[in-house]
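User: Hi, I'm new to this one. Could you walk me through it?
Analyst: Happy to! Here it is.

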Amino acid sequence: DLVRSRGLGDVYKRQTYYGMKRIVLFILVIILNQYSLSAQEGQFKEKEVFRNDDVVFRQIDGHTWVGTGKLVSNESMYLIEGNDKAILIDAGTKIAGLDKIVKSLTTRPVILIATHVHPDHTGTAVNCFPEIYLNAADIPNVPMFMPNYKGTIKYLKDGEIFDLGGRQIEVVFTPGHTPGSTSFIDKDAAYGFSGDAFNSYLLLTTNFSTLIASCERMADTLKKFGITHFYTGHYYGGDVGTLQLLNNMITLSKDILTGRREGKTNPGGMLGLNKSANAYGITINYSDAQMK
């Protein structure tokens with residue numbers, strides 16, 4: 001009925017139908033695999049400043065907030081404010097009036113940026129914003145996961161700086177989870193934001209060589225600039241990413257590539273990821289095609 005109501009052609013109807021099925025399955029997989037965390041809201045120490053049926057915003061520091069969605073394993077978005085402008089990193093799954101919510105927290109004009117194009121990060125609320133910045137490598141996912149977006153898509157550049165006025169946010173391309181996965185760092189604040197690029201539970205849609213290279217690059221960035229931690233795309237309070245997390249992801253990835261550790265078969269794995277390996281507190285879901 002949803003497809004018919006859009007008045008699309010037969011081919012696009014089929015694509016949309018199967019796309020919607022993949023979205024539903026995608027969300028279910030994340031929920032089921034993180035059920036132990038999803039059963040509780042989290043252990044937040046940050047002060048709550050806004051709450052409604054869709055999202056809770058909490059204040060990380062004087063000019064930074066984390067928004068927590070309620071549909072997919074605490075899908076997270078981050079509002080970062082400077083003297084002149086603000087950035088909203090990700091938009092959750094389904095948050096009505098997200099633009100108005102962020103305007104209640106900052107008087108600065110807000111720029112929407114995506115860590116990657118998946119429905120729990122670029123959901124329906126992207127339509128509240130006239131433009132969105134994303135990594136061009138994720139463009140193939142836009143028709144499936146952002147089918148109704150009518151705004152302007154702008155492209156992030158690796159290493160570019162968003163100058164917010166007295167606060168600079170640097171773009172770091174970190175592919176692995178998706179080809180266009182992107183992280184952002186605030187050198188002065190000594191923390192960053194990684195979306196789903198680096199998690200203790202990872203869906204790997206590229207390959208291990210790409211993931212290892214991104215982990216090594218991010219690890220070097222942390223060490224070079226004294227970055228102490230980074231906030232992930234599913235934040236539960238206190239569970240920030242660290243250099244140790246990156247090193248553990250590298251070790252597990254190399255173990256899998258060298259045959260030291262064999263993943264368990266998971267025939268029903270989302271996105272064709274039919275194997276899953278767990279060690280060092282990390283789970284990576286992958287397929288045989290990604291063993292390179």
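This is a predicted model: local features need pLDDT of at least 70, side-chain atom pairs count only at pLDDT 80 or more; totals for chains, interfaces and linings use all residues.

User: Thanks! Back to α7: what span should it have, and how far apart are its ends?
Analyst: With 16 residues at 1.5 Å a residue, α7 should span 22 Å, and its end C-alpha atoms are 23 Å apart, which agrees. The expected span is 1.5 Å times one less than the number of residues.

User: Which residues of α7 are buried?
Analyst: Among them are L245, L246, M249 and I250, along with N248 and D255. Buried means under 20% relative accessible area, exposed is over 50%, and partly exposed is in between, with a 1.4 Å probe and protein chains only.

User: And what do they pack against?
Analyst: The buried residues of α7 pack against β13, α6, β14, β16 and β17. Contact here means heavy atoms within 4.5 Å.

User: You mentioned α6. How many residues does it have?
Analyst: Helix α6 has 18 residues, 208-225, and reaches 26 Å from its first C-alpha to its last, close to the 26 Å expected. At the N-terminal end, N207 caps α6 with a side-chain oxygen 3.3 Å from the backbone nitrogen of S209. For polar contacts, the cut-off is a pair of N or O atoms within 3.5 Å; within protein, one must be able to donate a hydrogen and the other to accept it, and residues adjacent in sequence count only if both atoms are side-chain atoms.

User: What comes after α6?
Analyst: G226 follows α6, and its phi is positive, near 65 degrees.

User: Switching to the strands, what is the order in the open sheet?
Analyst: The four strands run in the order β13-β17-β16-β15, with mixed pairing. β13 and β15 are the edge strands, each pairing on one side only. Two strands pair if DSSP finds at least two bridges between them. Three bridges join β13 to β17, and these two run parallel.

User: Where does α7 sit relative to that sheet?
Analyst: α7 packs on the sheet, touching β13, β16 and β17, and its direction makes about 45 degrees with that of β17. Axes are lines fitted to C-alpha atoms, for helices over the stretch in contact, and angles run from 0 to 180 degrees between N-to-C directions.

User: New topic: how many aromatic pairs are there?
Analyst: The count is 10 aromatic pairs. Rings of Phe, Tyr and Trp (its six-membered ring) pair if their centres lie within 6.5 Å; planes under 30 degrees apart are stacked, over 60 edge-to-face, and the rest tilted. The rings of Y78 and F193 have centres 5.0 Å apart and planes at 50 degrees, so that pair is tilted.

User: Where in the chain are those two?
Analyst: Y78 is in strand β4 and F193 in strand β12, so the pair ties together parts 115 residues apart in sequence.

Note on methods:
Residues are numbered from 1 along each chain as its sequence is written. Side-chain values use heavy atoms; hydrogens and water are left out.
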